[in-house]
Amino acid sequence: MAEKTVRQLFEETPVAFQPQRAGRANAVIQFIISGEGGGNWYLTIKDKTCTVTEGVADSPKATLRIDAQDYLALATGKLSSMKAFTSGRVKASGDIALLRRMDNWFVRL
């Protein structure tokens, strides 16, 4: 089976969203993904829904910067979020507490 692309993972993100885990979260989270196959996407978590938009959000609550290969490893469970952060493979800004909670809002597909 071929590896998924960053685009495919973002397209699947609303299906992987678990609203009961997110509670009353209300946030826009920006992803800036560098390298081959990367791009910019943002998640809008609101009213127990998750939508994905390609591009750059006006005022995200948090932003993640990561290389495409590291994002693929992170999203598929091959790289732990804690290791990604502590090793500097992910750069985060904004509401870091929100980002830490977000890790539990999705199931792996």
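The following is a conversation about a predicted model of one protein chain.

Trainee: What kind of model is this, and how are its residues numbered?

Mentor: It is a predicted model, where local features need pLDDT of at least 70, side-chain atom pairs count only at pLDDT 80 or more, and totals for chains, interfaces and linings use all residues. Residues are numbered from 1 along each chain as its sequence is written, and side-chain values use heavy atoms, with hydrogens and water left out.

Trainee: How many helices and strands are there?

Mentor: The chain has five helices and five strands. Both are DSSP runs, numbered from the N terminus: helices are H or I with at least four residues, strands are E with at least two. The order along the sequence is α-α-β-β-β-β-α-α-β-α.

Trainee: Why is the chain called as compact as a globular protein of that length?

Mentor: Set the value against the rule. The radius of gyration is 13 Å, and the globule rule gives 13 Å for 109 residues, so the chain is as compact as a globular protein of that length. The radius is taken over C-alpha atoms, and the rule is 2.2 Å times the number of residues to the power 0.38. Along the principal axes, the C-alpha atoms fill a box of roughly 35 × 30 × 25 Å.

Trainee: What share of the residues counts as buried?

Mentor: Of the 109 residues, 36% do. Buried means under 20% relative accessible area, exposed means over 50%, and partly exposed is in between (1.4 Å probe, protein chains only).

Trainee: Why is V6 called buried?

Mentor: V6 has 2% relative accessibility. The cut-off is under 20%, so V6 counts as buried. V6 lies in helix α1. Beyond four places in sequence, V6 touches I33, G37, W41, A68, Y71 and L72. A contact here means heavy atoms within 4.5 Å. Take Y71: it is 65 residues from V6 along the chain, yet their C-alpha atoms are separated by 7.5 Å.

Trainee: What makes helix α3 mostly covered?

Mentor: Count its residues. Helix α3 spans residues 68-75, and six of its eight residues are buried. They are A68, D70, Y71, L72, A73 and L74. These buried residues pack against α1 (6-16), β1 (27-34), β4 (62-67), α4 (81-86) and β5 (90-94).

Trainee: How do you know that D67 caps the N-terminal end of α3?

Mentor: Look at the distance. A side-chain oxygen of D67 lies 3.0 Å from the backbone nitrogen of Q69. A polar contact is a pair of N or O atoms within 3.5 Å; within protein, one must be able to donate a hydrogen and the other to accept it, and residues adjacent in sequence count only if both atoms are side-chain atoms. After α3 comes G77, with a positive phi near 85°.

Trainee: Why is T76 called partly exposed?

Mentor: T76 has a relative accessible area of 36%. That falls between the 20% and 50% limits, so T76 is partly exposed. T76 sits in the loop between α3 and α4. Its side chain reaches the backbone oxygen of L72 at 2.7 Å. T76 and T63 are 13 residues apart along the chain, and their C-alpha atoms are separated by 20 Å.

Trainee: Why is T63 called buried?

Mentor: T63 has a relative accessible area of 12%. Under 20% is the test, so T63 is buried. T63 is found in strand β4. Apart from neighbours within four places, T63 is in contact with Q30, I32, K91, A92, S93 and L99.

Trainee: Is Q18 buried or exposed, and what does its side chain contact?

Mentor: Q18 is buried, with a relative accessible area of 18%. Q18 lies in the loop between α1 and α2 (19-22). Its side chain makes a polar contact with the side chain of Q20, at 3.1 Å. Beyond four places in sequence, Q18 touches W105, F106 and V107.

Trainee: Why is D47 called exposed, while K48 is called partly exposed?

Mentor: D47 has 64% relative accessibility, so it counts as exposed. K48 has a relative accessible area of 49%, so it is partly exposed. D47 lies in the loop between β2 (39-46) and β3 (49-54), and K48 lies in the loop between β2 and β3. D47 is not a glycine, although its phi is positive, about 50°. K48 is another residue other than glycine with a positive phi, near 65°.
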